[in-house]
Amino acid sequence: MSGFIKNTKLIRPTIFIILLFLILASALLFVAVFPHEFRSTMRPEDAAARSSWFRPFRPVKPYKVLHVMSYHSPWKWTDDQILGFQAATKELDLDWRVMQMDTKRRSEEAYRKRIASQVKEAIDRWKPDLVFTGDDDAQRYVTADYVNTKIPFVFCAVNADPADYGFVGSSNITGVREEMHYVAAVSLIKKLAPSVRRIVMVSDNGPMWPPMIERMKETIASCTEIEIVGYDIFDTFEQFKAAVLEYQGRVDAIGFFGIFEFLGPEGQNVPMEEVLRWFQAHNKLPDFSFWQDRVDKGTLCAVTVSGY
């Protein structure tokens, strides 16, 4: 028995040497069969391709992003929103799609619900990785139905309190509000027309304007050099025109909120461009607003917010 143990100890180093030899032989055989895997004469294009192995991870498929415009394009306000978002995400591989609700030019409730249904059908069918929604109508008629769902939503240019749509505390929705420069705008019109004292603010009956009016009332209270004599809301273009003519000689300046949803004689929305053309032809008072597109169409001045 003791002799057997001694012989085993002598055999073990031999077995180890044999195994090491077999491993080396196998490695040499692999190199002989697949020599191209170990050559250093790699073409530049091959090197470039292989270097991509060490680049940051990118998904195999692009991220799907759906942008829902409350309003329409072309229009600087809505176009700037998507341009700004695209500029901020230019390093990402995105598959973009855009849907326009067009509610500034068609404000009837039946239409809003119908177009919102089409948007939600597209979301449920396409299943985007992110939905980017602009302005209040998209939130009211679309985003609010996806609170605490799996699809992430990002909103912008919202005038109402996000709590009104159920967004506060939600697990999948975030965004930014649209905050106007009320004091700065009033200060600017006062600087351009120092005699301005009494100002009237006018608007159409869009649901996004009352929250803005309330915020203006709160912030403008510090401006003791002027007086806001009224916040007048009109349903029709005829009501607006009659009021503008009556303002002449009664106030010193006119400020604008929304002027998109004044109804014409056939019940259709009168285009903003037509409203401003009439206004410029019949108004003699200095006027101001909060968006650049109004100034581009003849309004005297604005301290603006940017959609970008």
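The model is predicted, so to speak of local features takes a pLDDT of at least 70 and side-chain atom pairs count only at pLDDT 80 or more, while totals for chains, interfaces and linings use all residues. Residues are numbered from 1 along each chain as its sequence is written, and side-chain values use heavy atoms, with hydrogens and water left out.

**Helix 8**

- Helix 8 spans residues 237–247; helices (H or I, at least four residues) and strands (E, at least two) are DSSP runs, numbered from the N terminus.
- Its buried residues are Phe237, Phe240, Lys241, Ala243, Val244 and Tyr247. Buried means under 20% relative accessible area, exposed over 50%, and partly exposed in between (1.4 Å probe, protein chains only).
- Those residues sit on the same side of helix 8 because they cover an arc of only 165° around the axis, taken from the directions from the helix axis to the C-beta atoms.
- As background, an α-helix has 3.6 residues a turn, so residues three or four places apart point the same way.
- On the face turned away from the buried side you'll find the exposed Glu238 and Glu246.
- The cover over the buried residues includes strand 6 (198–203), strand 7 (227–233), strand 8 (253–256) and helix 9 (272–282); contact here means heavy atoms within 4.5 Å.
- After helix 8 comes Gly249, with a positive phi near 90°.

**Aromatic rings**

- There are 21 aromatic pairs. Rings of Phe, Tyr and Trp (its six-membered ring) pair if their centres lie within 6.5 Å; planes under 30 degrees apart count as stacked, over 60 as edge-to-face and the rest as tilted.
- Phe240 and Phe262 are stacked, at 4.8 Å centre to centre with 25° between the planes.
- That pair links distant parts of the chain, 22 residues apart: Phe240 is in helix 8, and Phe262 is in the loop between strand 8 and helix 9. Both are buried.
- Phe288 and Phe290 pair up edge-to-face, at 6.1 Å centre to centre and 90° between the planes. Phe288 and Phe290 are buried too.
- One aromatic cluster is formed by Phe234, Phe237, Phe240, Phe256, Phe262, Trp278 and Phe279.
- Lys241 puts its charged end over the ring of Phe237, 4.7 Å from the ring centre. "Over" means NZ of Lys or CZ of Arg is within 6 Å of the ring centre and within 35 degrees of the ring normal.
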